[in-house]
Amino acid sequence: MTANLAELETLARNIRGKVVELSHKAGTPHLGSALSCVDILVAAYSGVLAIDPKHPDDPNRDRLILSKGHAATALFATLAHRGFFPMALLDTFAESGSRLPEQPSPHGAPGVEWATGSLGHGLSVGLGVALAGRIQSRSYRVVVVMSDGECEEGTVWEAALFAPIHKLDNVTVIIDYNKWQATGRSNEIMNLSPLRQKWEAFGWNACEVDGHDLNALLTAMKQVPDGSGKPVAIIAHTVKGKGVSFMQDDNNWHYRSPNAEELQKARQELGLA
Amino acid sequence: MRNAFASEITKLATEDERVVMLSGDIGNRLFDDYKKRVPKRFFNCGVAEANMISVGAGMASCGLRPVAYTITPFITTRVMEQIRVDVCYHNVPVVIVGVGGGLSYASLGATHHSCEDIAFLRVLPNMIVICPADAVEVRLALRAVLQQDSPVYMRLGKKGEPVVHKGIPNFVIGKAIIVRPGTDVCLLSTGNMLPTTLEAAEALGHKGVSAQVVSFHTVKPLDEQLLAESFAKFKVVATIEEHSILGGFGGSVAEWLADRPAQEARLCRIATPDTFLHEAGEQEYAREVFGLTGPHIAEKILQAAR
């Protein structure tokens, strides 16, 4: 499916509105983390990945693993808008007995590739999926979306050492670099910077993009595989809480959920009310 | 057991295109034949076991049958998080193979001992736990587990252990094998303790006590039928394992027993104590220290049978 940029921007605003609404309705945290990766997911699901919502288990499909599982609302809303499951299911988010828990569960909703929430798993799993594709002569691509705080997990760097040696050039890591983690600035808690150079030093082709510029995200993602034989790391500079003025770059929204008034204000800002 | 594993997995990988071998930088030359015959399905994952397990989970989710192999503590307790979340939570058929179970690598120190792995792995939902007794059981178990759709943990010893089975026993996951019939006491051995358990049975025979010996290769799921029959029939049922007294095979049988009405037999758990071994020494030394020898076991059974 290809859509023009204006359509994708509208889609991203709708998804943001839904994400804020889900957080309000269920009283769930991690809203800022979800809002920061919406454009990444929209670009991937509507402009890059070879997927068919009617056949979510097609063995030849491209895969996206949202390794930062705490941003599940962004993934669920994107999948629902893309037609993987009905909006009625999306509206059961976090309700008792729902197939959509606060963080993705295995074999839950169509389109969810892996259960995440414990950080630092998605990339290694994605590399296994990529190697399986090679063994089974399938040419799909694997995209793994991680958070910057997640890069503090040691397994991320085990995986980062593993992928280049096996020339897994069909793998893209996208780091939603919003400069915050649960309780503070990510670069004040661990020595992440310079992040692009770290990935390069591990043998990846790395680039930095504005993680809210859909065109830039599409261009970077579409270049994979880039012919160099290397896996690709896209450092996407983002803003936590992006799209709602009073949530942007305010880490309180890692934990808070909006009240009715805040939801209404957010929807107005997003042009949805 | 190690060489039997290498030779059998090579055979199986040539027969079954789903089989992929993942090694944690171990088995120097052990897999040369495999690598020659199936080069595209062998990956040395380096000294990065956590990544190896999750890579295996990703492969298994695509229909492959990865077999991840390294020294027991590094493929069990070190990577519990990856086994729990990526393998067991997703219920994907990764075969986790630990070499050097229990005190096999005693001389390398307690970092390389593994007397807690059964306890850790058996509490994970979906996980099957198998401890083959000898090279024959290793081959049979490997064939059987590759037909499973669940995660499996296989605990091997080292190389050169005695082969107990003279023929090819009927190997079914979850069904224990009676190796030596007897009438007074029943010795349930798991994994590499089987030859020593047979020695203990011999020693008991000399004292006029007839001991049945069972290779209880599957710790999870337990062979409940055999347990029920044994506890109804014998005076003493003993569990024998090269693993901690806490949470292992004996622990598992004790849990099973606790939920049932009083039985004819009393349970006697023979295992390593709740401690680390700090001194140097080979497996034989470590077993001597912990009382895991034929004579020591026979003595404990005699006391329990009094």
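**Figure 1. Packing of helices α1(A) and α3(A) within chain A of the predicted model**. Helix α1 (residues 5-26) and helix α3 (residues 38-48) of chain A pack at an angle of about 125 degrees. On the α1(A) side, the contact is formed by L8(A), L11(A), A12(A), I15(A), R16(A) and V19(A); α3(A) contributes V38(A), D39(A), V42(A), S46(A) and G47(A). By class, the residues of this contact comprise 7 nonpolar, 2 polar and 2 charged.

**Figure 2. Contact of helix α6(A) with helix α3(B)**. Here helix α6 (residues 122-135) of chain A packs against helix α3 (residues 49-61) of chain B, with an angle of about 50 degrees and axes 6 Å apart. At that angle α6(A) and α3(B) are therefore oblique to each other, and their crossing is right-handed. From α6(A), the residues in the contact are S124(A), V125(A), G126(A), L127(A), G128(A), V129(A), L131(A) and A132(A). They meet N51(B), S54(B), V55(B), G56(B), A57(B), G58(B), M59(B) and S61(B) of α3(B). The contact of α6(A) with α3(B) divides into 8 nonpolar and 8 polar residues, with no charged residue.

**Figure 3. The side of chain A that touches chain B**. In total, 19 residues of chain A are in contact with 21 residues of chain B. Helices α6 and α7 (154-165) of chain A each supply at least two residues of this side of chain A. The largest share, 9 residues, comes from α6(A). The residues on the side of chain A that touches chain B are divided into 11 nonpolar, 7 polar and 1 charged.

**Figure 4. An open sheet of 5 strands in chain B**. The strands follow the order β7-β9-β8-β11-β12, and their pairing is mixed. Strands β7 (177-180) and β12 (266-272) of chain B stand at the edges; each has a single partner strand, so one side of each is left without a neighbour in the sheet. From one strand to the next, the twist averages 25 degrees.

Terms used
Residues numbered from 1 in each chain as written. Chains lettered and ligands numbered in written order. Predicted model: local features only at pLDDT ≥ 70, side-chain atom pairs only at ≥ 80, totals over all residues. Axes fitted to C-alpha atoms, helices over the stretch in contact; angles between N-to-C directions. Helix = DSSP H or I, 4+ residues; strand = E, 2+ residues; numbered from the N terminus. Parallel < 35°, antiparallel > 145°, perpendicular 65-115°, else oblique. Left-handed = near helix turned anticlockwise from the far one by under 90°. Contact = placed C-beta atoms within 7 Å. Nonpolar A, V, L, I, M, F, W, Y, C, P; charged D, E, K, R; others polar. Pairing = 2+ DSSP bridges.
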